[in-house]
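Have the model open beside you as you read.

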Amino acid sequence: MNCHDRLLIIDFGSQVTQLIARRLRELHVYCEIHPFQKVTDAFLAEFAPKAVIFSGGPASVIDKGSPRPPASVFTLGVPILGICYGQQVMMEMLGGKVERGHGTAEFGRAYVTPTEERLDILNGWFLDAKEQVWMSHGDHVSRIAPGFEVFGTSPNAPFAITADVSRRFFAVQFHPEVHHTPNGKTLYANFVREAGFVGDWTMSAYREQAIAAIREQVGDGKVICGLSGGVDSSVAAVLIHEAIGEQLTCVFVDHGLLRQGEAEQVVTMFRDHYNMPLIHADESDLFLNALEGVSDPEVKRKTIGRLFIDVFQKHATAVGGAKFLAQGTLYPDVIESVSFSGGPSVTIKSHHNVGGLPERMGLKLVEPLRELFKDEVRSLGVELGLPPGFIGRHPFPGPGLAIRCPGEITTEKLAILRQADAVFIDQIRRHALYDEIWQAFVALLPVRTVGVMGDGRTYDYACALRAVTSVDGMTADYYPFTHDFLGETATRIINEVKGINRVTYDITSKPPGTIEWE
Ligand code: XMP
């Protein structure tokens with residue numbers, strides 16, 4: 001669907017390859033990451049990149065069978081930037097030499113100084129004579145390939161910055177994409193300018209392009225979309241609705257495990273404000289009955305996931321004749337990461353969301369957000385006129401309050417949890433902390449404790465407040481509320497919520513904890 005100039009990032013398995021894409025997107029350049037195994041001659045011809053970047057990676061070019069790009073990449077006539085392993089592979093393939101560490105390995109901060117030669121992609125560098133960079137390499141280049149010159153050196157990397165100016169091949173030993181190379185973005189900006197990118201990858205351009213692509217894919221077919229109330233599925237739905245109007249029907253499965261006022265908010269916004277055909281499938285009884293007596297977290301998750309699919313399918317079939325299923329899949333979900341270990345990873349939790357609907361539904365997928373990162377989806381949402389308060393909402397898990405209520409779930413416990421959660425979020429909003437926090441919620445603990453209120457004894461539930469900061473949900477730290485804030489919140493919850501007489505604050509980071517309690 002893309003009519004933009006494209007930059008290809010060939011992934012050799014670096015931990016930070018995604019950051020290269022982030023830096024380029026910030027420069028309004030359209031790029032895609034593809035694992036080296038997939039990049040063949042035919043792939044290159046079809047992709048037709050305007051520039052190529054080789055990522056870093058954990059392998060050693062000296063080892064037999066280590067990853068390589070196809071040799072044809074060097075005859076495309078486009079600029080290439082090799083980073084770390086990418087530099088080494090470029091040198092090795094073009095006639096240079098790479099050697100093993102032996103005291104020259106370098107991890108962490110280093111300083112690069114310039115040579116006499118000048119290089120356009122270093123414009124804006126070395127204003128303070130040296131430049132801080134982030135290194136992470138065991139092997140090093142010991143002889144540069146014919147045609148290359150050196151433009152920067154560091155104590156342990158005499159070939160820190162090299163280039164074959166006439167062929168526009170650039171190769172650096174450090175990682176310009178990471179935060180610890182403060183001027184790295186300038187290098188990327190110069191590189192993409194050198195390649196002729198004009199930086200026209202904007203959200204309004206994307207919106208137009210995505211709408212045209214949806215119309216072309218769907219024709220006059222019907223589309224159904226599972227709406228969760230989360231940002232991704234909402235943005236996808238609004239975009240598709242703009243493209244095809246009434247051909248879209250949204251199904252909102254209400255499992256009775258939503259937060260206070262959540263279902264009403266979603267229905268009001270999409271049905272009344274956007275005027276979309278929306279089925280509000282209120283199936284709380286079905287879910288809560290199935291969850292009766294279930295206290296194991298994995299059984300809870302699997303039960304909810306299974307019922308969700310059944311309910312969605314039932315309503316989708318009732319719409320009649322839908323050929324397409326819309327999903328809010330994001331770019332980080334579709335990147336095929338390069339795995340060298342090949343081993344299976346352990347299941348910590350069986351995640352469930354509306355994106356997990358089975359292939360057996362026999363519907364073709366419409367995924368208009370596949371090329372976007374989360375913050376780009378938010379910008380697109382703003383572009384589409386979704387209210388900023390909605391766009392900035394904290395993530396909410398598919399299984400909802402079920403995984404915030406350890407042990408058996410009952411209607412009574414859910415009601416208590418909803419009220420406490422509403423007070424906590426209200427506190428966070430009143431103190432203007434909502435946007436600083438990645439996610440905040442209350443977990444109702446399966447334990448009653450003794451308290452004293454007025455002159456009487458109480459025997460009520462204890463709850464835990466959870467609030468974390470995070471960038472992607474993969475790692476997280478607890479939010480450092482002041483004691484005053486915590487005290488005030490605890491007092492409000494105990495005074496306003498009947499059924500809770502003790503409040504604790506969860507100060508576990510992830511890892512070793514997880515964000516949710518189950
Ligand atoms: P954990 O608890 O694994 O959560 O640290 C990481 C992030 O994922 C969310 N989460 C889910 N999201 N379906 C979802 O759509 C799920 O089953 C699910 N479980 C956890 C969690 O809220 C946090 O943002």
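Angles under 35 degrees count as roughly parallel, over 145 as roughly antiparallel, 65 to 115 as roughly perpendicular and the rest as oblique. This is a predicted model, in which local features need pLDDT of at least 70 and side-chain atom pairs pLDDT 80 or more, while totals for chains, interfaces and linings use all residues. Residues are numbered from 1 along each chain as its sequence is written, and side-chain values use heavy atoms, leaving out hydrogens and water.

Here are two helix pairs (helices being DSSP runs of H or I, at least four residues, numbered from the N terminus; axes being lines fitted to C-alpha atoms over the stretch in contact, with angles from 0 to 180 degrees between N-to-C directions).

| Helices | Angle | Axis distance |
|---|---|---|
| α6 (residues 231-244) and α11 (residues 374-383) | about 45° | 10 Å |
| α13 (residues 411-430) and α14 (residues 483-496) | roughly 145° | within 10 Å |

α6 and α11 are therefore oblique to each other. In their contact (heavy atoms within 4.5 Å), V231, D232, V235 and L239 of α6 meet K374, V377, L380 and G381 of α11.

For α13 and α14, the residues that touch include F424 and I428 of α13 and F485 and I493 of α14.

Now to α9 (residues 297-319): its 23 residues reach 33 Å from first C-alpha to last, close to the 33 Å expected at 1.5 Å a residue, where the expected span is 1.5 Å times one less than the number of residues. Just after α9, G320 has a positive phi of about 80°.
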